[in-house]
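Subject: Structure for you to look at

Hi,

Here is the structure I said I'd pass on. Have a look at it first, and then read my notes below.

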Amino acid sequence: MSLYESWLDFREKCLTSKRFHDFAIRFPLTRPVVRKRQSELFDLVSGFVYSQILASCVELNIFSHVAGKGRTIASLAGTLKLPEDETRRLLDGAVSLRLLEKIEDRYRLGDLGAALSINKGVLAMIRHHGALYKDLTDPVELLRGGRRETNLSRYWDYAMSEDPVRSDDADVAPYSELMSESQIMVAEEIAACFHFADYETLLDVGGGQGTFLRTIAPHAEHLDLMLFDLPAVAARAEKQFADAGFGDRIVCHGGSFFDDPLPVGADLVSLVRIVHDHDDEPAQKIVQAVYDCLPKGGTLILCEPMSTGGSAHRIADAYFNFYLYAMGSGRPRSPQMLTNMLESCGFSSVRLVPTRAPLITSILCAQK
Ligand SMILES: CC(C)=CCC/C(C)=C/CC/C(C)=C/C=C/C(C)=C/C=C/C=C(C)/C=C/C=C(C)/C=C/C=C(C)/C=C/CC(C)(C)O
Ligand SMILES: C[S@@+](CC[C@H](N)C(=O)[O-])C[C@H]1O[C@@H](n2cnc3c(N)ncnc32)[C@H](O)[C@@H]1O
């Protein structure tokens, strides 16, 4: 047995021994560690309750109501149309989670609530979590039952249908709007971390309503921009570009990345939150289609939350693992899994571009 394995055995023996627990909470030097572990474990135990307090604050628009000078219980209870005692329970819960702060008799934005209150993408995701949490009501049953129809799969069933290119605007609108709202923070992260200066034309594959390209456009005024998505989604993007005054700078193409060749002419292609939506075989097909449309020397940037360890570990391995399973398709992948996928299509020089917030996105860059 290696020294490391002996250490693992010893650690597990201690951590599963009631006598060790009794000692560690009594001994002043280990007591702070025990308290920290208690608190971390309690966060896992009560995470659902925390999420529901958060969801209530978002649904009741509490962050807007208290912004500025804060509000008293009596005044908020009137606005929320809730009895005072129930209002106090919710607000005190939110204070304990640092969503709010209580200064004398007024509830104000807490540090986490303040950061959240300006992030429309995360607010939209919190509202959307109602559908995810319904699917996760019985998680073991979900895992045992295999892939099946769920609230989330119904939400984006247009993309999973037999013939997704036939979807119309009503089919694609709710999902495209949600993606657009949550894409702003992703697009800003990519704009800040990737250098677009060396490229002439960027094609965003699965570009949705075009939020990524609209965000990039002012950062890279020299770039010609192209978008590819299902016809009904590309039509929405085209309208949004025209409304934003970018109509002559961006060309939109409708089609399916599984059945239609991607438009040629770009020396840089982006796949933003696309590959993790798909199981290995279709994901490989998409990457291959990108390889085929690029000229020799062309570049792909693949941007999505990845399983990289560190601070982004939980968003990939806990959150997206379950989100995508409930959605019925796809998985989060590590940079190594994605590198293998890219290299097996012919891409080379695959490298991770450091991002400021890996929780929002990682970026893999590859050369044809
Ligand atoms: C001011 C003083 C005195 C001191 C300051 C100290 C200081 C520097 C404080 C920092 C304050 C600050 C700037 C905080 C900023 C916080 C931020 C930016 C927080 C951001 C949080 C982002 C979160 C929680 C993101 C969540 C994202 C989610 C849930 C995304 C879900 C996406 C989904 C489901 C996408 C689905 C797409 C599909 C279908 C899988 O393809
Ligand atoms: C998760 S969204 C990502 C959108 C955007 N890149 C973002 O980050 O917000 C997936 C996108 O892929 C598009 N899509 C799904 N199936 C497609 C297909 N077969 N061909 C082309 N686009 C497709 C969807 O319409 C949607 O816009």
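Two strands count as paired if DSSP finds at least two bridges between them. Keep in mind that this is a predicted model.

To get from strand 4 to strand 5 the chain passes through helix 14 (residues 231–243), in a right-handed β-α-β crossover.

Strand 3 (residues 201–205) also pairs with strand 4: they are parallel and joined by five bridges, with Leu-202 partnered by Leu-225 of strand 4. Here too there is a right-handed β-α-β unit, made of strand 3, helix 13 (residues 211–216) and strand 4.

So is strand 4 enclosed or open? Five of its six residues are buried, so the rest of the structure largely encloses it.

The other thing I looked at is the second largest pocket, with a volume of about 520 Å³. It has 16 lining residues, and those closest to its centre are Leu-15, Phe-20, His-21, Val-34 and Arg-37. Helix 1 (3–15), helix 2 (18–26) and helix 3 (31–59) are the elements that each give two or more residues to the lining. Helix 3 contributes the most, six residues. By type, the lining has ten nonpolar, three polar and three charged residues.

Cheers

Technical notes: Residues are numbered from 1 along each chain as its sequence is written. Chains are lettered from A and ligands numbered from 1 in the order in which they are written. This is a predicted model: local features need pLDDT of at least 70, side-chain atom pairs count only at pLDDT 80 or more; totals for chains, interfaces and linings use all residues. Side-chain values use heavy atoms; hydrogens and water are left out. Buried means under 20% relative accessible area, exposed over 50%, partly exposed in between (1.4 Å probe, protein chains only). Helices (H or I, at least four residues) and strands (E, at least two) are DSSP runs, numbered from the N terminus. A crossover is right-handed if, with the strands pointing away from the viewer, the path from the first strand over the helix to the second runs clockwise. On a 1 Å grid over the protein atoms alone, a cavity is a set of points where a 1.4 Å probe fits but cannot get out, and a pocket is an open set with protein on both sides within 12 Å along at least five of seven lines; lining residues have an atom within 4 Å of a point. Grid points are joined across faces, edges and corners, and a volume is the space filled by probe spheres set on the points. Ala, Val, Leu, Ile, Met, Phe, Trp, Tyr, Cys and Pro count as nonpolar, Asp, Glu, Lys and Arg as charged, and the others, Gly among them, as polar.
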